[in-house]
Amino acid sequence: MAVVVAGGTGRTTAVRSGEPSFDALWQLLGPTHTGTERVPEAWSEGRFPPVRVTVLWGLTGVGGWPQTNSAPGGDVAMWRQDQLVVDGSGTPWVRSDLAPEVRDDDIRWHRAPRAALAQADRAGLLDGSGGEDAEAGDGSPGGWSADGVWWAVPGLAAGFAAGTGGTRLIRRAAARPGAGPPREEPRQELIDL
């Protein structure tokens, strides 16, 4: 599985193996690549172009006793972090941290194919929508807009009216003479043995 975090938006999408979006990410980022290429010195010091997308690659079905306190196969291990940046010439670069849980300076860089960048961009993976925006058709994130939630207003009004009316009916019934628990004998008693 892959957890995709869009650059400046913070939108997160989970993509699972076997989905077309996962395959597009795999081709773009090449998570099995362990080599490194030379990059400008400023990039090595942390002054690289803005990150378009961050992907945490995970393995599902790991763990279990005695490593963890959970059932076998229920844990997820995050084994690699890739970040995509695009330089001034339009070349996509992948910044990889092969062990994100370890605080070290082992960061590796490699170029990504431009065709894979275009495919991932068309799939909506680089803006965090995971392809949802293309299906929504209104250009807003995830299909939410002021016009898209009109159906919720009547439902909220009906729910409020039903709740208010129900509360009044219950209070009126409770205020009637003779309402409440029975007051006649015989009363029952709980005996602790």
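Predicted model: local features only at pLDDT ≥ 70, side-chain atom pairs only at ≥ 80, totals over all residues.
**Exercise 1.** Determine how many helices and strands the chain has, and in which pattern they follow one another.

*Solution.* Step 1: Counting the elements gives five helices and six strands. Step 2: Reading along the sequence gives the pattern β-β-α-α-β-β-β-β-α-α-α.

**Exercise 2.** State what share of the residues in the chain is buried, and describe the accessible surface.

*Solution.* Step 1: A residue is counted as buried when its relative accessible area is under 20%. Step 2: Of the 193 residues in the chain, 25% are buried. Step 3: The accessible surface of the chain is about 13100 Å², and carbon and sulfur atoms hold 56% of that area.

**Exercise 3.** Identify the residues of the largest nonpolar core that touch the most other members, and find which element gives the most to this core.

*Solution.* Step 1: The largest nonpolar core has 19 residues; those touching the most other members are Leu25, Leu28, Leu29, Val55, Trp57, Leu84 and Leu126. Step 2: At least two residues of this core come from each of β1 (2-6), α1 (20-29), β3 (51-62) and α3 (114-122). Step 3: The most is given by α1, which supplies five residues.

**Exercise 4.** List the residues that Leu29 touches, leaving out those up to four places away in sequence.

*Solution.* Step 1: With these sequence neighbours left out, Leu29 touches Val55, Trp57, Asp82, Leu84, Val94 and His110.

Terms used
Residues numbered from 1 in each chain as written. Heavy atoms only, no water. Core = buried A, V, L, I, M, F, W, Y, C linked by side-chain atoms within 4.5 Å. Buried < 20%, exposed > 50% of the residue type's maximum accessible area, 1.4 Å probe, protein only. Helix = DSSP H or I, 4+ residues; strand = E, 2+ residues; numbered from the N terminus. Contact = heavy atoms within 4.5 Å. Areas by Shrake-Rupley, 256 points an atom, 1.4 Å probe, with all protein chains shown as cover.
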